[in-house]
Amino acid sequence: MNSISEQEFIESAQLATLDLSDLVPQTHLPQSNLIQFFDRLRKAVINGRWRPNTALPSIEEFAYLTSLPAAQVQLALRLLNSQHWIRKASDGLYYITPRLDQPVGKLSSFSEMLKERGFTPASTWIERVITEPSLDEQWRLKLHAGEQVARLQRLRIADGIVIGYEVSAIPERFLPDPLQVQDSLYAYFRTAQLEIAMAREEIDADYADEDMANWCNFDPQQPLLRLTRVSHLADETPLELSYSFFRSDYYHYVVQYRE
């Protein structure tokens with residue numbers, strides 16, 4: 001009678017607890033088994049099935065539990081890795097990349113997006129003040145002469161890592177005391193019954209200036225993704241102007257068009 005080692009017993013017990021049945025390709029579907037597996041695995045990763053920085057099952061485990069050839073599993077993992085949803089470590093395993101998937105058609109607070117992806121969100125405030133608006137703030141927020149803004153500057157943090165910098169401007173009449181904003185600006189808007197009806201968002205490339213590099217511990221001149229958002233109330237009154245700067249290895253922007 002053959003005996004197995006304690007390590008082999010532990011590994012077989014762990015394998016028995018893995019349920020990957022939802023990743024198994026279906027024979028009645030027109031797509032190939034490889035494409036089905038990749039698509040199902042990608043959705044599971046994006047939907048937060050595994051927490052950021054945790055290891056996926058090995059190629060052998062995926063192959064055994066889905067009845068797919070190991071070569072096909074490896075191709076699917078390589079494709080997912082090329083999209084930066086996972087990364088391959090020195091131990092040969094693939095790990096979940098801490099990355100955010102932001103659809104254009106979905107208006108969410110940053111904290112809500114982080115929680116949906118399994119992160120623990122946090123912010124470090126740099127500034128929360130009532131101040132004179134810049135020319136860009138006057139133009140984009142359609143401010144009257146002499147009107148001031150509440151300006152909020154903070155670092156955006158996911159699982160203890162600074163991944164971005166954000167500065168927001170809100171007309172003072174909507175936010176007379178900036179210190180009322182704790183973790184989420186959008187939570188304050190809901191409490192104040194300020195409902196965003198529409199938003200326009202611009203995307204472009206930028207880099208970390210000296211102040212931002214120091215605050216965020218970024219490399220000077222590090223390439224960043226910049227999002228400029230203007231949110232409006234139902235009567236088209238501008239409510240918020242925000243500039244968000246993110247590390248490109250953490251942020252993934254998705255554009256989806258529907259008629």
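Which residues line the largest pocket? They are Trp139, Arg140, Lys142, Arg200, Glu202, Thr228, Val230 and His232. This is a predicted model, where local features need pLDDT of at least 70, side-chain atom pairs count only at pLDDT 80 or more, and totals for chains, interfaces and linings use all residues. Residues are numbered from 1 along each chain as its sequence is written, and side-chain values use heavy atoms, leaving out hydrogens and water.

**The pocket**

A pocket here is an open set of points, on a 1 Å grid over the protein atoms alone, where a 1.4 Å probe fits, with protein on both sides within 12 Å along at least five of seven lines; lining residues have an atom within 4 Å of a point. The largest pocket holds about 160 Å³ of space, a volume counted as the space filled by probe spheres set on the points. Its lining divides into 2 nonpolar, 2 polar and 4 charged residues. Asp, Glu, Lys and Arg count as charged, Ala, Val, Leu, Ile, Met, Phe, Trp, Tyr, Cys and Pro as nonpolar, and the others as polar. Strand β8 brings the largest share, 3 residues. Helices (H or I, at least four residues) and strands (E, at least two) are DSSP runs, numbered from the N terminus.

**The cores**

A nonpolar core is a set of buried Ala, Val, Leu, Ile, Met, Phe, Trp, Tyr and Cys residues joined through side-chain atoms within 4.5 Å. The largest one has 22 residues, and Leu41, Trp50, Phe62 and Leu77 touch the most other members. Helix α2 gives the most to this core, with 6 residues.

**The aromatic cluster**

Rings of Phe, Tyr and Trp (its six-membered ring) pair if their centres lie within 6.5 Å; planes under 30 degrees apart are stacked, over 60 edge-to-face, and the rest tilted.

| Pair | Centre to centre | Angle between planes | Type |
|---|---|---|---|
| Tyr165 and Trp215 | 5.5 Å | 25 degrees | stacked |
| Tyr165 and Phe245 | 5.9 Å | 35 degrees | tilted |

Tyr165 lies in strand β6 and Trp215 in helix α8, so their pair ties together parts 50 residues apart in sequence. Phe245, in strand β9, is 80 residues from Tyr165. Together, Tyr165, Trp215 and Phe245 form one aromatic cluster.

Buried means under 20% relative accessible area, exposed over 50%, and partly exposed in between (1.4 Å probe, protein chains only). Tyr165 is buried at 8%, and Phe245 is buried at 9%, while Trp215 is partly exposed at 36%.
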